Amino acid sequence: MDDDDTPSQQPPRTLGFSAAAEEAARVVAEISGLPDSRGPLRRLCGDLARRIRLLGPLLDEIRDGSGEAPVSDLADCLEMLRDGLVNAREVLRSVYDGSKIYQAYRRDSIVSEFVKANEQIEEALNLLPYRKLDISEEVCEQVELVHAQFKRANTKIDSPDIPLLRDLATVWAQSQNNRNPDPVVLNHIADKLQLKSIDEMKKESVALHDLVISRGGEPVERLEEMSSLLKSLKDFGIVENPGTEIPVVGKSGSARHRSPVIPDEFRCPISLELMQDPVIVSTGQTYERSCIQKWLDAGHKTCPKTQQNLTHTALTPNFILKSLISQWCESNGLEPPKPAKSASHDKKPGKSPASDCDHTGIASLMHRLHTGTQDEQRSAAGELRLLAKRNANNRVCIAEAGAIPLLVKLLSSSDPRTQEHAVTALLNLSIHESNKGCIVNSNAIPKIVEILKIGSMEARENAAATLFSLSVVDENKVSIGAAGAIPPLIELLCHGSPRGKKDAATAIFNLCIYQGNKLRAVKAGIVTHLVGFLEDPSGGMIDEGLAILSVLSSNQEGKAAIAEAKPVMSLVEVMKNGSPRNKESAASILWVICTSDAGQVGVAKEIGAVEVLKELAETGTDRAKRKAGSLLELMHQVDDVVVQSVDETTV
């Protein structure tokens, strides 16, 4: 074992500057891939996302640079910038996924989150010495412009939309006075909030529901107003629903409609009647509460619709479907369903989301894991695997019940199926951020690596996915690499199932953001296999091969190994016929190896790279255009040197 492979090695305080730039660039790419916001905060979202996208060229040039950092604290500055970008990404995601109505009412508090994100990025740019870096003048000027924009954004606070707030207050007042809201006002609100289609309304219903659940029983301010507005938008036909009879509202306000046909998804599979209190069973099917309760009380242990065995008998309210049924009833002039009092299971104030879990059932599974026979342990691990997959509340409950150390112990089971269940359950539990630390502290990493080496194909696939999930935390990248995960991941990458190859590639890519793991991967011979992926498009691994090669190319040993593998012909072919993203990656890799080995320039020219690069410089992505231009300039410089040398020889 090499010295740098020992598990006792202490994690570095910071990543290298190239790795920090890589991570920051990845966050920028994620933000660039987010959809445009169409709600009340669309201008704020658009401005922040646009400014962040403009930082991409800076990070690309830092990432693709070679040698030592030109300033000692560059890595720290880049990590600070990365943290600011991550915060901005989470703010943007929360707006994209959140309730537009809530955003309209709570605009001030959400705007303050944008201000914090701007301030954090601006502070990082204040400390980042981009003028001292080896970057092009064009990129430097662009960064200065963006930096100035972030400064202005901190001094220019977005003003509230007074007309929208006035319209919201008007609709609420009319509703409180039992008056029909003004359709003109509702149309104006729908335009501002972009709630004009059935899909948008369904998404809004889900977002409001998730908001309530996320509060863990805490009251949501103005929830009644928001729910009332949602119903008002539906009542007056502002949302067009081609599959549903929308009532025609006359001057008197009464609705005329034909007898509506109940959608199949609103009917209970047992009674075939419109559901009043829909609940979800462990198989994911939804039933009317009273009907499924009678089925269970009769001693049945299977799902009536699928005939699958029920892993537990807890009934989870389907709030989203209940809301959609109520909206459908009101749209068709029907009385919304009201469950019988005996069937009502309203939540008590202060009840946390975790209390929705089947604590008794989970406790029983814990007992079987701890003291059961091998068959009982296998069955319990399988049930926990399914429960942890279902939702975040279950992941919290299962971890709090002490399942993680017991599941880690089962990773060493002699039964292959038990191993599969245990590692997959840990994978599902690791989705919840707070569970990652508990899994690592339970000494799971060496055992997961062992499964990666000798487990069944399914177990190896999920072991790779688990390592990827855990490696999201920076210090875990070091621990996973030191535990010997890289070689078996490469083995799975080369010889696994199609899914196993993808899981292995994702894990390797993330682990290699840490410099020490790049060296491990190169020493394990990964480069030859990655270049092989480029040479064989039928294998479907070109995307993954290019992504990992791009990361490795920022390492000196990685550059040398890539050049030795002779990938130039394959890279030129990708630049010619690949996807825009892959063309960009291929050009970046070719640039790195050509700048470190002038002999590769001649090879590229001999196989026709010049014409391909000229085409890419015209039609590629912004980064691809820059790389293609730089390569053409480099080839021209090499030609000049050759001509000068010939002239001197002739003289």
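This is a predicted model: local features need pLDDT of at least 70, side-chain atom pairs count only at pLDDT 80 or more; totals for chains, interfaces and linings use all residues.
How many helices and strands does the protein have? It has 33 helices and five strands, where helices (H or I, at least four residues) and strands (E, at least two) are DSSP runs, numbered from the N terminus. Residues are numbered from 1 along each chain as its sequence is written, and side-chain values use heavy atoms, with hydrogens and water left out.

Let me begin with the overall figures. Of the 651 residues, 48% count as buried, and here buried means under 20% relative accessible area, exposed over 50%, and partly exposed in between, with a 1.4 Å probe and protein chains only. The protein exposes about 31,100 Å², of which carbon and sulfur atoms supply 51%; accessible areas come from the Shrake-Rupley method with a 1.4 Å probe, and for residues only the protein chains shown count as cover. If we take contacts between residues at least 6 apart in sequence, 71% of them join residues at least 24 apart, a contact being heavy atoms within 4.5 Å.

Three strands form an open sheet in the order 4-3-5, with antiparallel pairing. Strand 4 (286-288) and strand 5 (316-317) are the edge strands, each pairing on one side only, and two strands are taken to pair if DSSP finds at least two bridges between them. Strand 3, residues 278-280, is joined to strand 5 by two bridges, and these two strands run antiparallel; within that pairing, Ile280 stands opposite Thr316 of strand 5. Helix 12, residues 289-297, lies across strand 3, strand 4 and strand 5, and runs at about 95 degrees to strand 4. Axes here are lines fitted to C-alpha atoms, for helices over the stretch in contact, and angles run from 0 to 180 degrees between N-to-C directions.

Next come the helix pairs. Two packed helices are described by the angle between their axes and the distance between the axes. Helix 14 (residues 359-371) and helix 15 (residues 374-390) have axes that come within 8 Å and cross at roughly 140 degrees. Their crossing is left-handed, a term used if the near helix is turned anticlockwise from the far one by less than a right angle, with right-handed if clockwise. Glu383 counts as buried because its relative accessibility is 12%, and, not counting residues up to four places away in sequence, Glu383 touches Thr311, Leu365 and Arg368.

Helix 17, residues 403-410, packs with helix 18 at an angle of about 145 degrees, with their axes 8 Å apart, and this crossing is also described as left-handed. From helix 17, Ile404, Leu407, Val408 and Leu410 meet residues of helix 18 including Ala422, Ala425 and Leu429. How far is helix 17 enclosed? Six of its eight residues are buried, so helix 17 is largely enclosed by the rest of the structure. Those buried residues are Ala403, Ile404, Leu406, Leu407, Val408 and Leu410, and what covers them includes helix 14, helix 15, helix 16 (392-400), helix 18, helix 19 (433-441) and helix 20 (444-454).

Glu22, in helix 1 (residues 17-32), counts as buried at 8% relative accessibility, and, leaving out residues up to four places away in sequence, Glu22 touches Arg63, Phe509, Ile513 and Val551. Gly532, in helix 26 (residues 526-535), counts as partly exposed at 27% relative accessibility. Gly545, in helix 27 (residues 542-552), counts as buried at 0%. Leaving aside neighbours within four places in sequence, Gly545 is in contact with Leu530 and Phe533, and its C-alpha atom is separated by 6.8 Å from that of Leu534, eleven residues away along the chain.
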